[in-house]
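Dear colleague,

Please find below the structure that I am handing over to you. My notes on what was found in it follow directly after.

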Amino acid sequence: VQLQASGGGLVQAGGSLRLSCAASGRTFSTYHMGWFRQSPGKERELVASITWGGGRTVYADSVKGRFTISRNTAKDTVYLQMNSLKPEDTAVYYCAAGLVYPTTTASSLYWGQGTQVTVSS
């Protein structure tokens, strides 16, 4: 599975962005998916994860109520809708696929290349 993340950019605080993670590979629908982020000097952290069927999701406390993860199996794509963005959301965002739910950095098997999200105050 190859993952291509996109959709990052510069946005003002309070704004919105939608990240996309397009997958190639016929077995995409069998993997649990996750979005992670990493800012300078910090460890990579899980932002949100979704099961292979899309029926269960989990979020970091810091983004609950603001971010929504979803997947479109027909398009082999996972999304992260980010609303009410804050400066502390600034990071490089990565998508990942794995066989463990929720996805973790250790258990993820495939990673996208990362997309920069910058939120200005």
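Three aromatic pairs are counted in this predicted model, where rings of Phe, Tyr and Trp (its six-membered ring) pair if their centres lie within 6.5 Å, with planes under 30 degrees apart counted as stacked, over 60 as edge-to-face and the rest as tilted. The rings of Tyr31 and Tyr110 are edge-to-face, because their planes stand at 90°, with the centres 5.6 Å apart. Tyr31 belongs to the loop between E3 and E4 and Tyr110 to strand E10 (residues 108–111), so this pair ties together parts that are 79 residues apart in sequence. Strands (E, at least two residues) are DSSP runs, numbered from the N terminus. Tyr31 counts as buried at 10% relative accessibility, and Tyr110 as partly exposed at 28%; buried means under 20% relative accessible area, exposed over 50%, and partly exposed in between (1.4 Å probe, protein chains only).

Tyr94 and Trp111 also form an edge-to-face pair, with ring centres 6.4 Å apart and planes at 85°. Tyr94 is in strand E9 and Trp111 in strand E10, 17 residues apart. Ring pairs join these two residues and Phe36 into a cluster.

As regards covalent links, a search of the whole structure finds one disulfide, defined as a pair of cysteine sulfur atoms within 2.5 Å. Cys21 is joined to Cys95, with an S to S distance of 2.1 Å. Cys21 lies in strand E3 (residues 17–24) and Cys95 in strand E9 (residues 91–98), so the bond ties together parts that are 74 residues apart in sequence. Both cysteines, Cys21 and Cys95, are buried.

Strand E7 (residues 67–72) has a covered face of Phe67, Ile69 and Arg71, while Thr68, Ser70 and Asn72 form the uncovered one. Arg71 lies over the face of Phe28, at 4.8 Å from the ring centre. E7 runs antiparallel to strand E8 (residues 77–82), to which six bridges join it; strands pair if DSSP finds at least two bridges between them. Met82 in E8 is the bridge partner of Phe67.

Residues are numbered from 1 along each chain as its sequence is written, and side-chain values use heavy atoms, with hydrogens and water left out. As the model is predicted, local features need pLDDT of at least 70 and side-chain atom pairs count only at pLDDT 80 or more, whereas totals for chains, interfaces and linings use all residues.

Yours sincerely

How values were computed
Helix = DSSP H or I, 4+ residues; strand = E, 2+ residues; numbered from the N terminus. Lys NZ or Arg CZ within 6 Å of the ring centre and 35° of its normal.
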